Amino acid sequence: MNNITRDFPDFSRKVLFISGMLFILAIAFYLLWHLFHVILLIFSGILLAVLLDGLSTYLKKKSGIPHGFALLIVVVLITAFFFIVFWITGPRIIEQFSLLGQRIPAAFDSFRSYLEKYSWGKKLISEISTPGKILPMGTSILGGLTGAFTTVLDIATGILIILFVGIYAAASPGLYVSNIIRIFPQDKRERAREIFKSEGQALHWWLIGRFISMGLVGILTIIGLTIAGIPLVLVLGFIAALFSFVPYIGAWLSAVPAGLVALAESPQKLFYVALVYLGVHLFEGYLITPLIQKRAVSLPPALLLTMQIIMGVLAGAIGILLATPLAVAVIVLIQMIYVQDILGEKCKVLGTHKAQPPR
């Protein structure tokens with residue numbers, strides 16, 4: 001009886017400790033779930049910071065100028081580049097976007113007319129046709145305007161968060177890393193610093209490789225569609241380059257507007273567009289990407305697609321957009337913490353060019 005009485009306080013303390021830990025984990029999970037989009041925006045800002053810091057560090061090494069001044073030059077050059085490109089091609093791209101918005105409904109009508117020639121097509125159209133509007137027109141228009149305003153406001157706010165986080169983090173990366181490292185025990189801080197450095201290096205090389213690939217995909221798409229006689233090649237090439245930021249899924253999505261434009265012209269041109277996109281992405285996947293990945297970051301396709309599906313379910317479009325860089329960051333953590341530190345095995349970390357020994 002005395003043993004039971006003596007052990008009871010210890011048991012109570014264990015129960016309270018476990019209950020407290022579960023409560024803290026539940027709160028952390030709740031906050032993480034509700035702040036997930038904010039965390040992704042901050043991660044986007046970190047990606048921008050990695051890019052700006054890498055470019056300014058390269059400029060600093062080549063010229064010897066201070067880091068802050070190098071960063072200012074990089075930001076000014078990037079801004080000037082986009083301004084000049086928009087000044088030269090912006091009006092034509094905007095005009096072609098407007099024409100694209102007009103041609104896509106015409107393409108759907110053409111496709112509908114083609115399907116109505118067949119009995120199975122008529123059945124398909126009857127099954128997928130949208131029902132009539134239930135809400136009054138005024139309410140529908142007001143709701144649409146409100147939704148559009150909210151979307152534009154959300155996008156503008158997100159862009160501002162990304163820009164502020166990216167520029168401020170790139171201005172003093174060492175300061176932020178040093179403050180984060182202080183939360184680790186002293187004997188682990190040096191290793192934490194190495195992990196942060198490897199994360200930045202892997203993300204830097206992934207971004208460089210992706211931007212090179214995006215530029216080449218856009219140029220090749222414009223050339224191919226011009227040869228095929230497809231209209232609106234500038235905007236379609238811009239969409240192809242932009243969507244190729246997302247590996248695999250982006251390539252298929254970028255072909256949809258081009259296919260609709262071609263369908264509005266003729267079914268034969270749809271075949272030409274399919275050949276162009278297939279050729280460009282085969283060329284990009286089997287020649288351009290392997291050459292880039294000799295220096296940049298290579299990831300297994302199955303892993304990327306799985307990560308894109310998971311992030312798409314959790315966070316929608318922004319999740320799909322950031323799935324690959326998140327996969328890069330997670331893999332670096334697994335390689336350095338689990339493979340090297342826990343298993344004690346030699347491992348080639350993403351973004352490096354030789355295997356590193358275990359710690």
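Modeller: Just after helix 7, the residue G229 takes a positive phi of about 75°. The model is a predicted one, and helix 7, residues 189-228, has the highest mean pLDDT among the elements of the protein chain, at 88, whereas helix 4, residues 119-128, has the lowest, at 60. For the protein chain the average pLDDT is 76, with 70% of the residues scoring at least 70. Over residues 130-149 pLDDT stays under 50, and the model has 1 contact beyond four places in sequence for them. Where pLDDT is low, the predicted coordinates should not be read in detail.

Turning to the length of helix 7, its 40 residues reach 58 Å from the first C-alpha to the last, close to the 58 Å expected at 1.5 Å a residue. Helix 2, residues 36-63, can be checked in this way too: at 1.5 Å a residue its 28 residues should span 40 Å, and because its end C-alpha atoms are 40 Å apart, the two values agree. Helix 2 is followed by G64, whose phi is positive, near 80°.

The whole structure holds 4 aromatic pairs, and one of them is formed by W206 and F245, edge-to-face, with 5.3 Å centre to centre and 80° between the planes. This pair links distant parts of the chain, since W206 lies in helix 7 and F245 in the loop between helix 8 and helix 9, 39 residues apart.

Finally, helix 7 is among the elements that each supply at least two residues to the lining of the second largest pocket, as are helix 2, helix 5, helix 6 and helix 12. Helix 2 gives the most to that lining, with 14 residues. The second largest pocket has a volume of about 1,800 Å³ and is lined by 46 residues, of which V177, F196, K197, E199 and G200 lie nearest its centre. By type, the residues of this lining divide into 30 nonpolar, 6 polar and 10 charged.

Note on methods. Residues numbered from 1 in each chain as written. Predicted model: local features only at pLDDT ≥ 70, side-chain atom pairs only at ≥ 80, totals over all residues. Heavy atoms only, no water. pLDDT = per-residue confidence, 0-100. Helix = DSSP H or I, 4+ residues; strand = E, 2+ residues; numbered from the N terminus. Contact = heavy atoms within 4.5 Å. Expected span 1.5 Å × (residues − 1). 1 Å grid on protein atoms, 1.4 Å probe; cavity = no way out; pocket = protein on both sides within 12 Å on 5 of 7 lines; lining within 4 Å. Points joined across faces, edges and corners; volume = space filled by probe spheres on them. Nonpolar A, V, L, I, M, F, W, Y, C, P; charged D, E, K, R; others polar. Phe/Tyr/Trp six-rings, centres within 6.5 Å; stacked < 30°, edge-to-face > 60°.
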